[in-house]
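Dear colleague,

I am handing over the structure we spoke about, and I would be glad if you could look through it alongside the notes below.

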Amino acid sequence: MALFSISLLFVVACEKESGNWTAVHREGASIYGVWRSPTKAAATLAMAEVRGNLRARGEQVSDLPILTTLAPVGLLPVQVVSGRNVSQAEWVQSRAPSTYQGKTLYRDRPVAPDLYHAYGFQRQAEVEYQSRKFGSEPLILLEIFDMGTAENAFGIYSFNTYPQAEIVWVGSRALLSGGYLRFAKGKYFVEIEGYEFATGIREGIVALAKAISLRIPEPPTKVPLFALLPRAARIGGSDKLFRSNWTLSQIYSGLPLNVPQLTGFPLGVSASYRDNDATDWVDARVVFIVRFPDAATAETVWTRYREVLTQAAPSFEMGAAGAILVDEPLPLE
């Protein structure tokens with residue numbers, strides 16, 4: 001096995017062909033594959049590793065437990081202290097919290113709620129904070145979303161992450177970008193917005209995030225399915241979790257025209273991988289696994305996907321253990 005892996009790696013390194021390879025197969029309740037691989041050998045190697053991981057550990061992958069069931073409004077801190085000057089760096093609620101439930105999310109404001117609903121949104125609570133240090137004006141908006149499951153919460157968090165992003169530790173990995181701090185813990189997705197850029201406001205945002213995280217006893221979220229993806233050449237910060245074809249299309253541009261139909265609200269994970277020809281992680285090779293509710297659903301989706309893929313492709317190959325490999329046309333610029 002070790003000799004085979006070394007030989008295949010040598011082939012990948014030396015292979016001169018360049019294409020747009022898709023490789024897909026099914027294993028039990030999962031469909032897995034590779035999109036946008038520049039070489040067939042790289043796609044084949046990734047497929048072999050995922051297949052081995054699924055056969056060794058796939059049945060052991062289970063949903064994450066939920067320990068905290070508080071309504072989001074119960075997680076909103078009344079006040080927090082940040083910075084060194086306690087008397088002037090206290091952030092307090094500037095108004096009573098407000099809430100949304102189900103389909104009512106953002107109906108009264110020009111904000112599209114589609115992304116939250118696509119990840120299973122249940123309910124939300126929000127409130128603004130002010131500090132005497134900044135003239136007692138509302139300067140921070142805190143929103144806490146109950147997404148139903150830890151996977152859903154991590155999914156909407158991962159939607160916003162990207163390589164080389166600024167990450168801070170608040171009891172969980174939190175993304176700081178464009179005036180926002182976002183993190184997921186347990187079944188909650190937390191988004192905090194600073195209305196102005198200032199060190200004191202940033203300190204207040206981080207202090208609020210830490211206070212919320214302390215109220216959620218779950219450990220930092222680690223979705224087990226990600227461990228089944230290949231490690232070599234994986235681009236840090238590119239992990240994505242998706243639950244529908246719509247979210248998948250929002251995450252990646254330039255995917256093949258035909259992808260599996262994600263029926264039954266399955267759990268999909270993916271990551272981007274470095275190749276010699278890739279100049280941007282957005283265009284890099286993608287390896288994915290989609291776990292369906294049961295093997296029968298996966299078989300139905302796989303059968304239809306295989307038919308569409310092979311009918312649409314000018315030519316295809318059958319790889320190891322029945323995997324399909326297709327060199328698809330490159331997307332138009």
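What follows is an account of what was found, from the whole chain down to single residues.

This is a predicted model, in which local features need pLDDT of at least 70 and side-chain atom pairs count only at pLDDT 80 or more, while totals for chains, interfaces and linings use all residues. Residues are numbered from 1 along each chain as its sequence is written, and side-chain values use heavy atoms, with hydrogens and water left out.

The chain has seven helices and 16 strands, where helices (H or I, at least four residues) and strands (E, at least two) are DSSP runs numbered from the N terminus. Of its 333 residues, 49% count as buried, a term that means under 20% relative accessible area, with exposed meaning over 50% and partly exposed lying in between (1.4 Å probe, protein chains only). The chain exposes about 15900 Å², of which carbon and sulfur atoms supply 55%; the areas come from the Shrake-Rupley method with a 1.4 Å probe, and for residues only the protein chains shown count as cover. Among contacts (heavy atoms within 4.5 Å) between residues at least 6 apart in sequence, 67% join residues at least 24 apart.

Turning to the strands, β1 (residues 21-27) and β16 (residues 324-327) pair in the antiparallel sense over four bridges, pairing being assigned if DSSP finds at least two bridges between two strands. Within this pair, Ala-23 has Leu-325 as its bridge partner in β16. Strand β15 (residues 317-318) also runs antiparallel to β16, joined to it by two bridges, and here Met-318 is partnered by Ile-324.

Helix α4 (residues 150-160) is largely enclosed by the rest of the structure, because nine of its eleven residues are buried; among them are Ala-150 and Phe-154. Both of these residues are touched by Thr-221, which also contacts Leu-64, Ala-184, Lys-185 and Gly-186, when residues up to four places away in sequence are not counted. Thr-221 sits in the loop between α5 (199-214) and β12 (240-242) and is itself buried, at a relative accessible area of 15%.

Arg-36, in strand β2 (residues 30-37), has a positive phi of about 60 degrees although it is not a glycine, and it is buried at 9% relative accessible area. Phe-265, likewise not a glycine, has a positive phi of about 50 degrees; this residue lies in the loop between α6 (245-251) and β13 (267-273) and counts as partly exposed at 38% relative accessibility.

With kind regards
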